[in-house]
Amino acid sequence: MADYQHILLAVDFSDQDSYVARKAERLATFYKAKLSIIHVLDNIPMPDTAYGTVIPLDSSSCYELLESEKEKFIQIESRLTLDLAQRWLIWGKPEIEIIRIANEQSVDLIVVGSHGRHGLALLLGSTATGVLHHAPCDVLAVRLQDMD
């Protein structure tokens, strides 16, 4: 098995993102790999923007929901050692955009959180399942504990 050289951390702003991020960061350190981060916005309306679907993290927005999502993203990525070009906050369908960025950036490991719910259909969750089945590389699904 070859060492990983580019790891993509996919976050969804769950309570356990920091746990998944620490796992990805440890792997990146171990393999001396580049670490990137992505969050895909799929639950807020997309404004008409000249920037396309990539959200510039340094521009202001009048949308309170978007600002909240941007702040959450900045909080997570600021705890990691990342090049500014290695972070994506994108509108779209999560599994599609994660796969697209993984292809474009020559990622060789995607790290996602996964809820271990009961039943085969809920085993990984729709995003983790979609990524696992269509990824061009290895996928690490970090099992998340239910926070009841």
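In this predicted model, glutamate 69 is a residue of helix α2. Because its relative accessible area is 9%, under the 20% limit, glutamate 69 counts as buried.

**Helix α2 and its buried side**

- The buried residues of α2 are Leu66, Glu69, Lys70, Phe73, Ile76 and Glu77.
- Because these residues cover an arc of only 130° around the axis, they lie on the same side of α2.
- The partners against which the buried residues of α2 pack are α1 (17-31), β2 (34-41) and β3 (87-91).
- On the face of α2 that is turned away from the buried side, the exposed residues are Glu64 and Ser78.

**The crossing of α3 and α4**

- Helix α3 (residues 94-104) and helix α4 (residues 126-134) have axes that come within 8 Å of each other and cross at roughly 40°, and this crossing is right-handed.
- On the α3 side the contact is made by Pro94, Glu95, Ile98 and Ile99, while α4 contributes Ser126, Thr127, Gly130, Val131 and His134.
- Sorted by class, the residues in this contact of α3 with α4 are four nonpolar, four polar and one charged.

**Two loop residues with positive phi**

- Most residues other than glycine have a negative phi, and two positions in this model can be read against that background.
- Lysine 32, which is not a glycine, has a positive phi of about 55°, and this residue is placed in the loop between α1 and β2.
- With a relative accessible area of 75%, which is over the 50% cut-off, lysine 32 is classed as exposed.
- Serine 106, likewise a residue other than glycine, has a positive phi near 55°, and serine 106 belongs to the loop between α3 and β4 (109-115).
- The relative accessibility of serine 106 is 57%, and therefore serine 106 also counts as exposed.

Notes
Residues are numbered from 1 along each chain as its sequence is written. This is a predicted model: local features need pLDDT of at least 70, side-chain atom pairs count only at pLDDT 80 or more; totals for chains, interfaces and linings use all residues. Side-chain values use heavy atoms; hydrogens and water are left out. Buried means under 20% relative accessible area, exposed over 50%, partly exposed in between (1.4 Å probe, protein chains only). Helices (H or I, at least four residues) and strands (E, at least two) are DSSP runs, numbered from the N terminus. The arc is that of the directions from the helix axis to the C-beta atoms. Contact means heavy atoms within 4.5 Å. Axes are lines fitted to C-alpha atoms, for helices over the stretch in contact, and angles run from 0 to 180 degrees between N-to-C directions. A crossing is left-handed if the near helix is turned anticlockwise from the far one by less than a right angle, and right-handed if clockwise. Ala, Val, Leu, Ile, Met, Phe, Trp, Tyr, Cys and Pro count as nonpolar, Asp, Glu, Lys and Arg as charged, and the others, Gly among them, as polar.
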